[in-house]
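Please look at the sequence and the 3D structure shown here before reading the report.

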Amino acid sequence: MSETAKTERPERRRPLPGDPDRRERLERLLRVDLAGEYGARRIYEGQLAVLGRSPVAPTIREMWAQEAKHLDYFQKALPKHRVRPTVLQPAWHVAGFALGAVTALMGEKAAMACTVAVEEVIDEHYARQAEQLDDEGEEGELKQAILEFREDEIEHRDTGLAHGAEETVAYGGLTSVIKAGSRFAIWLSERY
């Protein structure tokens, strides 16, 4: 493979009938990212409600603060681009807190397993989004924010792993369920 071929941007697939147009893709992207960052904050709030006085609480608060920065960005981006938030926001308010609280009740390592599972899905999600966005203009600005936030999410995943997430009883099953739920929430939030 030539050196040029290695550095060229992969060609995007051609749109198929029924695929969203550029405007609809932007709306979906902003809507789902706001919902996701809101849900992540609620997960950490649920964890803090249970583990707020534990040794891991400062770590959770730090991740919560980073999610607050991400959330603020998308809260400003939606009106700027005239995009409505998901109608499922009230569901994510309850579901996020419940997921955080339930996993925290299972113990610190289970709470960290929850973080790992969610952040692995978000890492993949942000990577796919970044591939779809142009490097210039408003899309370029959004792409840079997404790539920056993705690095934070990867850091959160690594933090969860460093705090013994994989030592959780039934780690594989727990994280599989959380990942499936996260992917379903993404699918719903993009559309509704």
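## Basis of the model

This is a predicted model, in which local features need pLDDT of at least 70 and side-chain atom pairs count only at pLDDT 80 or more, while totals for chains, interfaces and linings use all residues. Residues are numbered from 1 along each chain as its sequence is written, and side-chain values use heavy atoms, with hydrogens and water left out.

## Two residues with positive phi

Most residues other than glycine have a negative phi. Arg-82, although it is not a glycine, has a positive phi of about 55°. Arg-82 is found in the loop between α3 (57-80) and α4 (89-105), where helices are DSSP runs of H or I with at least four residues, numbered from the N terminus. Arg-82 is exposed, with a relative accessible area of 75%; exposed means over 50% relative accessible area, computed with a 1.4 Å probe on protein chains only.

Ala-170 is also not a glycine, and its phi is positive, near 60°. The loop between α6 (137-162) and α7 (171-191) holds Ala-170, and Ala-170 is exposed, with a relative accessible area of 54%.

## The largest cavity

A cavity is a set of points, on a 1 Å grid over the protein atoms alone, where a 1.4 Å probe fits but cannot get out, and its lining residues have an atom within 4 Å of a point. Grid points are joined across faces, edges and corners, and a volume is the space filled by probe spheres set on the points. The count comes to two cavities of 30 Å³ or more.

The largest cavity has a volume of about 60 Å³, and it is lined by Arg-22, Arg-25, Leu-26, Leu-29, Gln-132, Leu-133 and Glu-139. Helix α2 (residues 22-51) gives the largest share of this lining, four residues. By class, the lining has three nonpolar, one polar and three charged residues, where Ala, Val, Leu, Ile, Met, Phe, Trp, Tyr, Cys and Pro count as nonpolar, Asp, Glu, Lys and Arg as charged, and the others, Gly among them, as polar.

## The second largest cavity

The second largest cavity has a volume of about 50 Å³, and its lining consists of Ala-40, Ile-43, Tyr-44, Glu-67, Cys-114, Thr-115, Val-118 and Glu-119. Two or more residues of this lining come from each of α2 and α5 (108-132), and α5 gives the most, with four residues. The lining of the second largest cavity divides into five nonpolar, one polar and two charged residues.

Note on methods:
Buried means under 20% relative accessible area, exposed over 50%, partly exposed in between (1.4 Å probe, protein chains only). On a 1 Å grid over the protein atoms alone, a cavity is a set of points where a 1.4 Å probe fits but cannot get out, and a pocket is an open set with protein on both sides within 12 Å along at least five of seven lines; lining residues have an atom within 4 Å of a point.
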